[in-house]
Amino acid sequence: MDQCPECGNRRFVSKLLVYEITGYDEGGEQEFRRQHVRAEFEYTCSECQTTLRTLPADRRDYYDEVAVLETERRAALRDQLRQLGQRCWRRLAARTTWLALGLVILVTGLVIAL
């Protein structure tokens with residue numbers, strides 16, 4: 001399905017389903033209350049507001065969204081590691097240059113002194 005069965009529209013709004021869990025004790029008093037996110041989407045036609053529980057064709061589902069976020073996270077991590085490596089390399093190169101310059105001056109001084 002790639003369009004709304006009611007109006008034929010091809011634009012949908014997706015909503016992540018959340019439900020609430022409430023626990024009660026033996027006396028009927030509320031003990032706890034928490035929200036639980038379900039790993040599924042509910043789709044609503046943006047034109048006629050028809051609610052669909054099935055994924056329209058060519059639309060990403062929850063697991064596709066997670067895969068995209070995981071891919072983006074890995075790319076960001078690789079980029080951060082690359083930048084860290086470049087900074088370390090530049091610092092090492094700068095120190096090595098000063099060290100090499102100092103060594104050349106020391107050797108030159110020793111040669112002249114001999």
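**Exercise 1. Find the salt bridges in the whole structure and say how they are connected.**

Solution. The structure is a predicted model, in which local features need pLDDT of at least 70, side-chain atom pairs count only at pLDDT 80 or more, and totals for chains, interfaces and linings use all residues. Residues are numbered from 1 along each chain as its sequence is written, and side-chain values use heavy atoms, with hydrogens and water left out.

Step 1. Apply the criterion: a side-chain nitrogen of Lys or Arg within 4 Å of a carboxyl oxygen of Asp or Glu. The search returns three salt bridges.

Step 2. Take the pairs in turn. Arg 73 bridges to Glu 70 at 2.6 Å, N to O. Arg 74 also bridges to Glu 70, at 3.3 Å, N to O. Arg 82 bridges to Asp 79 at 2.2 Å, N to O.

Step 3. Helices are DSSP runs of H or I with at least four residues, strands are runs of E with at least two, and both are numbered from the N terminus. Arg 73 and Glu 70 are three residues apart in helix α1, about one turn of the helix. Because Arg 74 and Glu 70 are four residues apart in helix α1, about one helical turn separates them. Arg 82 and Asp 79 are three residues apart in helix α1, again about one turn.

Step 4. Look for shared partners. Glu 70, Arg 73 and Arg 74 are joined into one network.

**Exercise 2. In what order do the elements of the protein chain run, and where does Glu 29 lie?**

Solution. Step 1. Count the elements: one helix and three strands.

Step 1. Read from the N terminus; the order is β-β-β-α.

Step 2. Glu 29 falls in the loop between β1 (12-24) and β2 (30-45). With 54% relative accessibility, Glu 29 counts as exposed.

Methods:
Buried means under 20% relative accessible area, exposed over 50%, partly exposed in between (1.4 Å probe, protein chains only).
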